[in-house]
Amino acid sequence: MTADTSTVSPALPAVDSPPDPYRSLTNWLAGLARTGNRGAIVDLQRPHHASEALARAGRFAPDDSIASRTPFEVTAYLFAAYHAGLPWADNVRLYGSGDLGTAMRRIGSGALRGPRDPGCDRLFKQIVAPGPLPRVRLEHAIKRLRNDDRFPPSWSQLAHDLAAWNDSEAAVRHQWARSFWAPRYHVQPKRTHA
């Protein structure tokens, strides 16, 4: 007896999806910090000077337009500002966690963190105010996270958010605001006693 193989289709080749440019940028930046490439980190801290490192950061953008490159270059600059001269290279610091609103909730001390810290709250309001990308304010936020020894935002998420900064709905600002002022906490369901 022979098996009927006419209904069995051959295995389809795996389809490779294009790499996520935001994750690729973060992996490259993490590699710079992990290997101690201080020259590239220093070059990235000078965003107004042409450098090989800044050019490489911009090459992760989906196209070569200034609008596409800018979020990648700004994220690389902010990464370098956070990691300049720091001795640690743990994954949470290299890759970050959460969006900028979530990260800024970590700023401060004791009960005065995030929105309860007057300086942090004021800075956050300046960041999410209508207008062009607030590079200087973003730098202040990242340096404050660094100085307070707090984890940075997800660098991939930050690059993605900066790429969407100028959308007409201001979705990035609204998401950051929700994360900063009204985060969702996981609430355990109440147990009923039987």
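1. Helices α7 and α10. In this predicted model, helix α7 (residues 118-128) packs with helix α10 (residues 171-181) at an angle of about 165°, their axes lying 10 Å apart. That angle makes α7 roughly antiparallel to α10. The crossing in which α7 passes α10 is left-handed. On the side of α7, the residues that meet α10 are Cys120, Asp121, Phe124, Lys125, Ile127 and Val128; their partners in α10 are Arg173, Trp176, Ala177, Phe180 and Trp181. Sorted by class, this contact of α7 with α10 has 8 nonpolar and 3 charged residues, with no polar ones.

2. Helices α7 and α8. Helix α7 has a further contact, with helix α8 (residues 135-147): the axes of α7 and α8 come within 9 Å and cross at roughly 145°. Here too α7 passes α8 in a left-handed crossing. From α7 the contact draws on Gly119, Cys120, Leu123, Gln126 and Ile127, and from α8 on Arg137, Leu138, His140, Ala141 and Arg144. By class, the contact of α7 with α8 has 5 nonpolar residues, 3 polar residues and 2 charged residues.

3. The buried side of α7. Which residues of α7 are buried? They are Cys120, Asp121, Leu123, Phe124, Ile127 and Val128. When α7 is viewed down its axis, these buried residues fall within an arc of 165°, so they line one face of the helix. The buried residues of α7 pack against α6 (100-104), α8 and α10. On the face of α7 turned away from the buried side stand the exposed residues Pro118 and Arg122.

4. Asp121. Asp121 belongs to helix α7. Is Asp121 buried or exposed? Its relative accessible area is 14%, so Asp121 counts as buried, the cut-off for buried being under 20%. Leaving aside residues up to four places away in sequence, Asp121 touches Gly114, Pro115, Phe180 and Trp181.

5. Helices α1 and α4. Another helix pair is formed by α1 (residues 21-34) and α4 (residues 66-83), which pack at an angle of about 30° with their axes 11 Å apart. That angle makes α1 roughly parallel to α4. The crossing of α1 and α4 is right-handed, whereas α7 passes α10 in a left-handed one. In α1, Pro21, Tyr22, Leu25, Leu29, Ala30 and Ala33 meet Phe72, Thr75, Ala76, Phe79 and His83 of α4. By class, the contact of α1 with α4 has 9 nonpolar and 2 polar residues and no charged residues.

6. Val92. This residue is placed in helix α5 (residues 91-95). Val92 has a relative accessibility of 34% and therefore counts as partly exposed. Which residues does Val92 touch, not counting residues up to four places away in sequence? They are Phe151 and Pro152. Val92 and Ser154 are 62 residues apart in sequence, and their C-alpha atoms are 8.6 Å apart in space.

7. Backbone points to check. Most residues other than glycine have a negative phi, and most peptide bonds are trans. Asp149, which is not a glycine, has a positive phi of about 55°. Asp149 lies in the loop between α8 and α9 (155-163). With 40% relative accessibility, Asp149 counts as partly exposed. Ala170 is another residue other than glycine with a positive phi, near 55°. Ala170 lies in the loop between α9 and α10.

8. The protein as a whole. The protein contains 10 helices and 2 strands. Along the sequence, these elements follow the pattern α-α-α-α-α-α-β-β-α-α-α-α. Of the 194 residues in the protein, 40% are buried. Among contacts between residues at least 6 apart in sequence, 70% join residues at least 24 apart.

Methods:
Residues are numbered from 1 along each chain as its sequence is written. This is a predicted model: local features need pLDDT of at least 70, side-chain atom pairs count only at pLDDT 80 or more; totals for chains, interfaces and linings use all residues. Side-chain values use heavy atoms; hydrogens and water are left out. Axes are lines fitted to C-alpha atoms, for helices over the stretch in contact, and angles run from 0 to 180 degrees between N-to-C directions. Helices (H or I, at least four residues) and strands (E, at least two) are DSSP runs, numbered from the N terminus. Angles under 35 degrees count as roughly parallel, over 145 as roughly antiparallel, 65 to 115 as roughly perpendicular and the rest as oblique. A crossing is left-handed if the near helix is turned anticlockwise from the far one by less than a right angle, and right-handed if clockwise. Contact means heavy atoms within 4.5 Å. Ala, Val, Leu, Ile, Met, Phe, Trp, Tyr, Cys and Pro count as nonpolar, Asp, Glu, Lys and Arg as charged, and the others, Gly among them, as polar. Buried means under 20% relative accessible area, exposed over 50%, partly exposed in between (1.4 Å probe, protein chains only). The arc is that of the directions from the helix axis to the C-beta atoms.
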